[in-house]
Amino acid sequence: MSAANLSNRTFTSESVTAGHPDKLCDRIADTVLDNILRADPAARVAVELLVTRGQVHVAGEISTTDYCDVAGVVRDVLIDTGYTSAESGIDGGSCGVSVSIEDQSPDIAAGVNRSVEWRSGQHERLDAQGAGDQGTVFGFACDETAELMPLPIHAAHRMAERLEQVRRDGIVQGLRPDGKTQASVRYEGGRPVGLETVVLSAQHEPGWDLGELA
């Protein structure tokens, strides 16, 4: 395939609102991390979540001198997001919260505390730092939008932002917290030239006429 053909394509990106399970799990984990680091900056926190109807499972490894109220964090985030009734999928005030937390594995801690070079007697300053098991994601800026982000993800984020706003501000009645947006942009010569498809999915209360909602 020629370079010209590679630059003529349709590219799709998606975004989600605060009540989407992926975003919800990220926010709960981030809040647990923030609360623990606020009290213990040297803490190590590896937390995973599973959210399902009526139940939240929190599991992972935490090494710290000052734990936070993990179950309380879960409930606060759920309620702030808008999950306040069983009908919406989960009620932050009454749902089950399972917390399975233990100390960081000694094997992982050994690799994080000191590098293998340090442990083998090579006491170079730059060799002292260990390495965790987390990846690093990187990208680059582009001039497709004022925010220096590619147009498909920019459009998807802005639609999700607006969907969240009209729910929280009551501009559109009957919406629930979960939602997802998607934008497909057509590129020619490596530049965006048209919007091919827009998808906007919104959790809502029963009884809505889909035409009216659209």
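Which strands and which helix do the buried residues of H6 pack against? They pack against strand E1 (9–16), helix H3 (70–81), strand E7 (175–188) and strand E8 (191–204). Keep in mind that this is a predicted model.

## The overall picture

Let's step back for a moment. The protein has seven helices and eight strands. It runs to 214 residues, and 30% of them count as buried. Its accessible surface comes to about 13100 Å², with 51% of that belonging to carbon and sulfur atoms.

How much of the contact count comes from residues 24 or more positions apart? Among contacts with a separation of 6 or more, such pairs account for 60%.

## Helix H6

Now back to H6, which covers residues 151–168.

Which residues of H6 are buried? The list is Pro152, Ile153, His154, Ala156, Met159, Ala160, Leu163, Glu164, Val166 and Arg167. After the helix comes Gly170, and its phi is positive, near 75 degrees.

## Val198 on strand E8

Strand E8, one of the partners of H6, holds Val198. This valine has a relative accessibility of 42%, so it counts as partly exposed, the class between 20% and 50%. Leaving out residues up to four places away in sequence, Val198 touches Met159 and Gln182. Met159 is one of the buried residues of H6.

Val198 and Ala155 are 43 residues apart in sequence, yet their C-alpha atoms are 9.3 Å apart in space.

## Ser184 on strand E7

Strand E7 is another partner of H6, and Ser184 is found there. Is this serine buried or exposed? Ser184 has a relative accessible area of 8%, which means it is buried, since the cut-off is under 20%.

Setting aside neighbours within four places in sequence, Ser184 is in contact with Thr10, Phe11 and Thr12, and also with Gly194, Leu195, Glu196 and Thr197.

## Rings and charges

What about the aromatic rings? A search of the whole structure finds zero aromatic pairs. The ring of Tyr187 does have a charge over it, though: the charged end of Arg9 sits there, 4.6 Å from the ring's centre.

Definitions and conventions: Residues numbered from 1 in each chain as written. Predicted model: local features only at pLDDT ≥ 70, side-chain atom pairs only at ≥ 80, totals over all residues. Heavy atoms only, no water. Helix = DSSP H or I, 4+ residues; strand = E, 2+ residues; numbered from the N terminus. Expected span 1.5 Å × (residues − 1). Buried < 20%, exposed > 50% of the residue type's maximum accessible area, 1.4 Å probe, protein only. Contact = heavy atoms within 4.5 Å. Phe/Tyr/Trp six-rings, centres within 6.5 Å; stacked < 30°, edge-to-face > 60°. Lys NZ or Arg CZ within 6 Å of the ring centre and 35° of its normal. Areas by Shrake-Rupley, 256 points an atom, 1.4 Å probe, with all protein chains shown as cover.
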